[in-house]
There are 2 protein chains.
Amino acid sequence: MSFTTSEENYIKSIYHLQQETGLVNTNSLAAEMQTRPASVTDMLKKLKGKKLLQYEKYKGFKLNEAGKKAALDVVRKHRLWEFFLVEKLKFEWDKVHSIAEDLEHISSEELIQRLDNFLGNPAFDPHGDPIPDKHGKIQVIDQQSLSNIPLHKPAIVSSVSNQTVQMLEMLKHYHITLGTSITVLKRFEFDGSLEIKVLKQSNCIISEQVAKNVFVHDAQ
Amino acid sequence: MSFTTSEENYIKSIYHLQQETGLVNTNSLAAEMQTRPASVTDMLKKLKGKKLLQYEKYKGFKLNEAGKKAALDVVRKHRLWEFFLVEKLKFEWDKVHSIAEDLEHISSEELIQRLDNFLGNPAFDPHGDPIPDKHGKIQVIDQQSLSNIPLHKPAIVSSVSNQTVQMLEMLKHYHITLGTSITVLKRFEFDGSLEIKVLKQSNCIISEQVAKNVFVHDAQ
DNA sequence: TAATATTTTTAGATTTGTCTAAAATTAATT
DNA sequence: AATTAATTTTAGACAAATCTAAAAATATTA
């Protein structure tokens, strides 16, 4: 089964939303995709017709197994290309998302398998997100948000869940990247911001909003 | 100025045809692109509107300077990706064309410049065709068709002008690839076929049709 | 629970790129 | 030169993906 670029984009967005909320609704998908609810409804009919979606009118919707596999295929392509762009072409990690959005729709199976091998079958992309293997299998790691870890216990940045250019630029400013060691020194009651020590930098303060989107695992 | 995938495909095909014939006509472009003359006419209007084309109704057409630059941009992208697929992903050279047809429409300038550098700024693609630089400049080499070279004078394969899977499979069968040394031993009057010696192989015979599409330069 | 607000879907239009069939133009031939 | 043939363009239709505006369904609240 093959899909148009537009179908793939919808499938991917539904996948991401249903990870959060279980059932997805029309308006939130429209917001996510920067399109109109009416356009979403049109596409839902198409995807239901292709048997990728559990969908009853007015009731919300989610991908079925076939839909999830299709989504994981796109996610796999996206993240492999992001890895390629950063590791081989030396792009900065905040510049690769939009290019990978285009590359992910190239449809050759063999291309992706060869790319995967060429890159050394990486398990995580440059933002720390897991790269599904060809069967859709994902390696999970034990991580939690920086906003939840105890004080004075060093942790290693493992992924970043908000990947807007704005967010990634901010992290660059703080010299925070994947693998960076961070210790939380103080949590301010007032607005939830954190004083942190980034390895070999002087102390600094990050907002709760930033902290929530930075995921870490235990040091060592 | 940016172009749709469809516009880029037309621009590229017009470029290739006008290299051969100067002026291009509707039917031959339709044949080249496997589409209908009416569709060609529709696109010609668009491309004329974008000031890429010299075109008067019923009179034939060709790319102007802006059109040629646009074509060379696409050709550059196509050939760089072909080089990547063969050199880095280890595809066989007869398998890369259709994948590069998709990749060539990815539009990031920076992506292509970085890819070019990553590949070592190659001047020729895996079929021996020159890769335009970012200004559209092409390195020309002194080559001629295998069907025109004198007998008993070894020559080196520099490019192949017919790049169908069928042709490239045939060359693979003969163990002919870029850089292969070939000596023409005899030319048969009957059908123009050639007896040749491919370096370290026993003699064999190739048709005139094959010979015409293999280009060589002097040995050493 | 009736009225109001929100969400979702439908109906119909638009754009891009394609098509077929017919008309217009140009070329070839008797 | 007139007829025939070939080429090219126009006119109008269609599919995909989108949109706006209005209608339908569901949810909220007074």
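User: How many residues surround DNA strand C, and which are the closest?

Analyst: Please keep in mind that this is a predicted model. DNA strand C is surrounded by 20 residues, and the closest are Asn25(A), Asn27(A), Ala38(A), Thr4(B) and Ala38(B).

User: Which elements supply at least two residues each of the surface near DNA strand C?

Analyst: Helix 2 (26–33) and helix 3 of chain A do so, together with helix 1 (5–21) and helix 3 of chain B. The most comes from helix 3 of chain B, which gives five residues. By class, this surface near DNA strand C holds seven nonpolar, eight polar and five charged residues.

User: Which residues come nearest to DNA strand D?

Analyst: Among the 20 residues around DNA strand D, Thr4(A), Ala38(A), Asn25(B), Asn27(B) and Ala38(B) come nearest. Two or more residues of this surface are given by each of helix 1 (5–21) and helix 3 (37–49) of chain A, and helix 2 (26–33) and helix 3 (37–49) of chain B. Helix 3 of chain A has the largest share of the surface near DNA strand D, five residues. The classes of the surface near DNA strand D are seven nonpolar, eight polar and five charged residues.

User: How many residues does the contact take from chain A and from chain B?

Analyst: For an interface, one counts each side separately. The contact takes 13 residues from chain A and 13 residues from chain B. On the side of chain A that touches chain B, helix 5 (97–103) and helix 6 (109–118) of chain A each supply at least two residues. The largest share of that side, four residues, belongs to helix 6 of chain A. Its residues divide into eight nonpolar, one polar and four charged.

User: In the largest nonpolar core, which residues touch the most other members?

Analyst: A core is read through its contacts. This core has 64 residues, of which Val214(A), Val216(A), Val214(B) and Val216(B) touch the most other members. Apart from it lies another core, of 17 residues, including Leu17(A) and Phe61(A). To return to Val214(B), its contacts beyond four places in sequence are Ser145(B), Leu146(B), Val157(B), Val160(B) and Ile176(B).

User: In what order do the six strands of the open sheet in chain B stand?

Analyst: One reads a sheet across its strands. The order is 3-8-4-5-6-7 (chain B), with antiparallel pairing. Strand 3 (144–145) and strand 7 (204–206) of chain B are the edge strands, each pairing on one side only. Two bridges pair strand 3 of chain B with strand 8 (residues 214–218) of chain B in the antiparallel sense, and Ser145(B) stands opposite Phe215(B) in strand 8 of chain B. In chain A, strand 4 (residues 155–160) is joined to strand 8 of chain A by five bridges, and these strands run antiparallel. There, Val160(A) has Val214(A) as its bridge partner.

User: Why does Val74(B) count as partly exposed?

Analyst: One counts neighbours. Val74(B) counts as partly exposed because it has 19 C-beta neighbours inside 10 Å, whereas a buried residue needs 20 or more. Val74(B) lies in helix 4 (residues 65–87) of chain B. Not counting residues up to four places away in sequence, Val74(B) touches Glu8(B), Ile11(B), Lys12(B) and Glu104(B). The C-alpha atoms of Val74(B) and Ser107(B) are separated by 9.4 Å, with the two residues 33 apart along the chain.

Methods. Residues numbered from 1 in each chain as written. Chains lettered and ligands numbered in written order. Predicted model: local features only at pLDDT ≥ 70, side-chain atom pairs only at ≥ 80, totals over all residues. Near = placed C-beta within 6 Å. Nonpolar A, V, L, I, M, F, W, Y, C, P; charged D, E, K, R; others polar. Contact = placed C-beta atoms within 7 Å. Core = buried A, V, L, I, M, F, W, Y, C linked by C-beta atoms within 7 Å. Buried ≥ 20, exposed ≤ 12 C-beta atoms within 10 Å, placed from the backbone. Pairing = 2+ DSSP bridges.
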